[in-house]
Amino acid sequence: MINLEIQQILLPKKVYIGDTAELRCSFNSNSFTLKNFVENGSVQLSTSGFISPLDMQNYDIKSITLSSIGVDHYQLSINFVPWKIGDIVFPGYDLTSNFTEPELSSSDFDEHYLINFQPVNIVSLTQQDSITSLRPGAAPLLLPGTTYKLYGALIIFVFALFLIVRSIIKHEEIAFYLRNRKLLRKYKKNRRNTEKALSRLLITGKKQTPIDDKTFAQSFQQILRTYLEVRFDLPFSKIVTSSFMKAFNEAFGGTDDFPSLMSERKENACIQITSLFTRSDFIRYSAEAAFNEGERAELVESAKECIADFEESEKAGGEKNV
């Protein structure tokens, strides 16, 4: 029995009861059997591979997928819907139970590849917001005799606002505002050009001169690297895929000692962008790798969703332009 060492990620980071979640488990293996088993890129697995019975009262498993994400790199994905709060622990999964085709036999066929999962935590909306009971009714905010005080406060507010505006002009804050608006226009143009380039890349592969998968993967990465360089002012054209998360952490104000302050949505986008580059790297550098049917369109759509998540701050107006 071979216990595979895994890196486990839960998407989204916080999962509530009834949500559809994905548990991603990445691992390395030089097994010839595993390589043959996922030679087409990804394989749907059966729930019979779990080494002990599943507790279907606590969760529903929608699908289990094993895919290749690089040379000797694999990813097991479990899509599930939780029905209880607290920790959920899936039983171990034996990949060998799926090796049934005769052509997959090899010298390591008799070995059992076991994946042991870490607990995943399901949170409750009421616990998250510390809501235990209904709030009591509030007393009236406007009491008799306060009308003149409100008018006086309004006059003071208008006068103070006038002084603030003059102060802004005096200290050249208008120039800062204009620079910020120019930067926002730059980000908007960068996003628009990137999305158009991704769409043209997809159309080129269908209606015009066909391009092979390796050329598509290379062009796909070049478009995204150009977008990331403009968006985060970092040399993403020279950063290898394995260092993307470190670069994103730096872009959002993080250091080696302190994590960044990026939102959960942006963190998921960073993880997804890294996953897209890992997949396209595999297509580029693996001799026999090829995209699955419809996977090109899925990559482009997923990249556009990540770009929309990165641009969330401009729409919300509540975050810095990072």
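Mentor: Start with strand β5, residues 42-44, which pairs with β6 in the antiparallel sense over 3 bridges. Within that pairing, V43 stands opposite L66 of β6. Keep in mind that this is a predicted model.

β6 itself covers residues 59-70. Of its 12 residues, 9 are buried, so the strand is mostly covered, where buried means under 20% relative accessible area. β6 has a further partner in strand β7, residues 73-82. These two strands run antiparallel and are joined by 10 bridges. Together β6 and β7 form a hairpin, with 2 residues between the strands. D72 sits in that turn and has a positive phi of about 60°. As a general point, side chains in a regular strand alternate between the two faces of the sheet.

Now for the rest. The largest nonpolar core has 36 residues, and those touching the most other members are F220, L228, F236, F248, I273 and F310. At least two residues of this core come from each of α4 (173-204), α5 (213-232), α6 (244-251), α7 (264-285) and α8 (295-310). The largest share, 8 residues, is supplied by α5. A second, separate core has 32 residues, among them L10, V38, I64 and F80. By numbering, I64 lies within β6, and F80 lies within β7.

Technical notes: Residues numbered from 1 in each chain as written. Predicted model: local features only at pLDDT ≥ 70, side-chain atom pairs only at ≥ 80, totals over all residues. Heavy atoms only, no water. Core = buried A, V, L, I, M, F, W, Y, C linked by side-chain atoms within 4.5 Å. Buried < 20%, exposed > 50% of the residue type's maximum accessible area, 1.4 Å probe, protein only. Helix = DSSP H or I, 4+ residues; strand = E, 2+ residues; numbered from the N terminus. Pairing = 2+ DSSP bridges.
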